[in-house]
Amino acid sequence: MATKSREVRLKSRPVGLPEASNFEVATVDIPDPGPGEVLVRNEWMSVDPYMRGRMYDRPSYVPPFQIGEPLQGGAIGTVVKSNDPKFAPGDLVESFNGWREAYVSPASGLNKLPAGVPPQAYLGVLGMPGMTAYTSFHRIGEPKAGDVVFVSGAAGAVGSAVCQIAKLRGCTVVASAGTDEKLAWLKSVGVDATVNYKKGNLLDNVRAAAPKGIDIYFDNVGGDHLEVALEVARPFARFIECGMISIYNDKEPAPGPRNMSYVVGKRIKMQGFIVSDFADMRDQFYTEMGGWVRDGKIKWEETVENGVENAPKAFLNLFSGGNTGKMLVKLG
Ligand SMILES: NC(=O)c1ccc[n+]([C@@H]2O[C@H](COP(=O)([O-])OP(=O)(O)OC[C@H]3O[C@@H](n4cnc5c(N)ncnc54)[C@H](OP(=O)(O)O)[C@@H]3O)[C@@H](O)[C@H]2O)c1
């Protein structure tokens, strides 16, 4: 018998900041699983800033979302019915079939998850954002004890993991975020100095927080933050170019930092990446990060919207700082 599922589709391509009217919710019938297939009911889904890039109709490292089609993204669900010996009802599985309540998938499209931590952690600190933080910080940042690390977007899913990993590596951490409440949480998990980028002069405030300059910049934001980081960088600083959320909704290309020439004189290493570039570090990530999470050495926050119909709202809130830690949608 068919299962009813609601799903969120892209109704129109956003121009500038996305709006609720760019999305629509539809109800569909999900057929029974065929041979080798599994029926899954989603429990949690992720909304992520990179999804904004998939709303443009342009070639990128992931294909664009299509108008009238359900969106996609990371999701954690429970197996309801399985026609594959590797999965049984009740199994917790991870997939890329988010933005919908239920789906049928070939067994090969699912990854069985261990119990032991709250399942939504596999969308955050033990999922793609945690892996992004852990892998790029080590591979590109090449951290040493005593380094000063500046993290923008520091109270988000990736940023808050970076701050805590940097502390575990013996670094001094300067974090910027958009509210005092977010900064208070970052202090409570060990961050040394904080900057509210919405108050006062960003350069003056970062200079005061990092008077001797910075050795590593973890960039989640781009724009003014990148310009400030170039200004305060020490010679041979490493810039981990993770994301530039401040310009994702720009209608025209944003001007670059005015002080880019520091890259030469200060011999800065600046490298962008996509988390999949570091797939070879997956086992190391699960072992070390998993241990830190189990031992309480890495803490995480989450901000939760309920119901698939509120997934667009959760997504839009990423661009106004509505989340502390991982932005999630609870389904079911
Ligand atoms: N390269 C990769 O493979 C990869 C993988 C995952 C994520 N990323 C990137 O990493 C960054 C963080 O992702 P996330 O999933 O952890 O998101 P997140 O930080 O949990 O959520 C987005 C946060 O960005 C901040 N923000 C929004 N607009 C801003 C603006 N104009 N200026 C400054 N801050 C702004 C907001 O916090 P405030 O209150 O502080 O403004 C918001 O809470 C994003 O740029 C994302 O695209 C890259």
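This is a predicted model: local features need pLDDT of at least 70, side-chain atom pairs count only at pLDDT 80 or more; totals for chains, interfaces and linings use all residues.
Side chains of opposite charge can pair when their charged atoms come close. In the present model, the count of salt bridges comes to 18. One of these joins the side chains of Arg6 and Glu309, with an N to O distance of 3.2 Å. Arg6 belongs to strand S1 (residues 3-10), whereas Glu309 sits in the loop between strand S14 (302-306) and helix H8 (311-317), so this contact ties together parts of the chain that are 303 residues apart in sequence. Arg6 has a relative accessibility of 30% and therefore counts as partly exposed. Glu309, at 38% relative accessibility, is likewise classed as partly exposed. The pair also belongs to a network of salt bridges in which Arg6, Glu101 and Glu309 are linked.

A further salt bridge is formed by Asp147 and Arg238, whose closest N and O atoms are 2.8 Å apart. Here too distant parts of the chain are linked: Asp147 is found in the loop between helix H1 (128-139) and strand S8 (148-151), and Arg238 in strand S12 (residues 233-241), with 91 residues separating the two. Asp147 and Arg238 are both buried.

Glu288 and Arg169 provide another example, their side chains meeting in a salt bridge at 2.8 Å, N to O. Because Glu288 lies in helix H7 (residues 282-294) and Arg169 in the loop between helix H2 (157-168) and strand S9 (172-177), the pair ties together parts that are 119 residues apart in sequence. Glu288 is partly exposed, at a relative accessibility of 25%. Arg169 is also partly exposed, its relative accessible area being 27%.

A backbone N or O atom of Ala157 is placed 2.9 Å from a ligand oxygen atom, and a polar backbone atom of Val158 lies 2.8 Å from an oxygen atom of the ligand. For Phe273, a backbone N or O atom is found 2.9 Å from a nitrogen atom of the ligand.

Rolling a probe the size of a water molecule over the atoms shows where empty space is left. With a threshold of 30 Å³ or more, the count comes to one cavity. The largest cavity holds about 70 Å³ of space. Its lining consists of Gly124, Val125, Gly156, Ala157, Ser160, Ala161, Gln164, Lys299, Trp300, Glu301, Gly325 and Lys326. Helix H2 supplies the largest share of the cavity lining, namely four residues. By class, the lining comprises four nonpolar, five polar and three charged residues.

Among the open spaces, the second largest pocket contains about 180 Å³. The residues lining this pocket are Gly223, Asp224, Leu226, Glu227, Met244, Ile247, Ala254, Pro255, Gly256, Pro257 and Arg258. Six of the lining residues are nonpolar, two are polar and three are charged.

Backbone geometry was also examined. Most residues other than glycine have a negative phi, and most peptide bonds are trans. In Trp99, however, phi is near 65°, a positive value in a residue other than glycine. Trp99 occupies the loop between strand S5 (92-95) and strand S6 (102-106). With a relative accessible area of 0%, Trp99 is buried. Glu142 likewise has a positive phi, near 40°, and is a residue other than glycine. Glu142 is located in the loop between H1 and S8, the loop that also holds Asp147. At a relative accessible area of 45%, Glu142 is partly exposed.

Gly265 counts as partly exposed, at 48% relative accessibility. Between Gly265 and Tyr248 there is a separation of 17 residues in sequence and of 29 Å in space, C-alpha to C-alpha.

Key
Residues are numbered from 1 along each chain as its sequence is written. Side-chain values use heavy atoms; hydrogens and water are left out. A salt bridge is a side-chain nitrogen of Lys or Arg within 4 Å of a carboxyl oxygen of Asp or Glu. Buried means under 20% relative accessible area, exposed over 50%, partly exposed in between (1.4 Å probe, protein chains only). On a 1 Å grid over the protein atoms alone, a cavity is a set of points where a 1.4 Å probe fits but cannot get out, and a pocket is an open set with protein on both sides within 12 Å along at least five of seven lines; lining residues have an atom within 4 Å of a point. Grid points are joined across faces, edges and corners, and a volume is the space filled by probe spheres set on the points. Ala, Val, Leu, Ile, Met, Phe, Trp, Tyr, Cys and Pro count as nonpolar, Asp, Glu, Lys and Arg as charged, and the others, Gly among them, as polar. A polar contact is a pair of N or O atoms within 3.5 Å; within protein, one must be able to donate a hydrogen and the other to accept it, and residues adjacent in sequence count only if both atoms are side-chain atoms.
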